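Please look at the model below with its classifications in mind. The questions after it ask what each label rests on.

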Amino acid sequence: MSALSTNAGGPKGLPALISGQILKLLGLALLDAFGLLLFYAFWYSGNIALALIIAAITIGMNVVIFVPRLYPLRWMSPGLALMILLVIYPLLYTVSTAFTN
């Protein structure tokens, strides 16, 4: 084997680990900024329940990313977050609206 064929496949070792950590933190910072923006927008518009759900989802995503034991949930957390926002919240909102009138 030549020296060129052993290094094929991209960066390995510490540089790849550091670049992966930086990308993970940048993505998480973007998610947190977007979550904070949505939280304040919903809170000040009077939709406090949706603001609290957005905050809970954002905090939950941070916990899933930073706790190594929860690694399998990293692949399920986007689907769970969308399920909460698109199925469970409207269902609870409809039930609560049905009993207000």
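This is a predicted model: local features need pLDDT of at least 70, side-chain atom pairs count only at pLDDT 80 or more; totals for chains, interfaces and linings use all residues.

Residues are numbered from 1 along each chain as its sequence is written, and side-chain values use heavy atoms, with hydrogens and water left out.

Q: Why is L80 called partly exposed?
A: L80, which is found in helix α4, has a relative accessibility of 41% and therefore counts as partly exposed, since buried means under 20% relative accessible area, exposed means over 50%, and partly exposed is in between (1.4 Å probe, protein chains only).

Q: Why does I53 count as partly exposed?
A: I53 lies in helix α3, and its relative accessibility is 23%, so I53 counts as partly exposed.

Q: What makes up the lining of the largest pocket, by class?
A: The lining has 10 nonpolar, 2 polar and no charged residues, where Ala, Val, Leu, Ile, Met, Phe, Trp, Tyr, Cys and Pro count as nonpolar, Asp, Glu, Lys and Arg as charged, and the others, Gly among them, as polar. A pocket is an open set of points on a 1 Å grid over the protein atoms alone, where a 1.4 Å probe fits, with protein on both sides within 12 Å along at least five of seven lines, and lining residues have an atom within 4 Å of a point. Among the lining residues are L31, F34, I57 and L85.

Notes. Helices (H or I, at least four residues) and strands (E, at least two) are DSSP runs, numbered from the N terminus.
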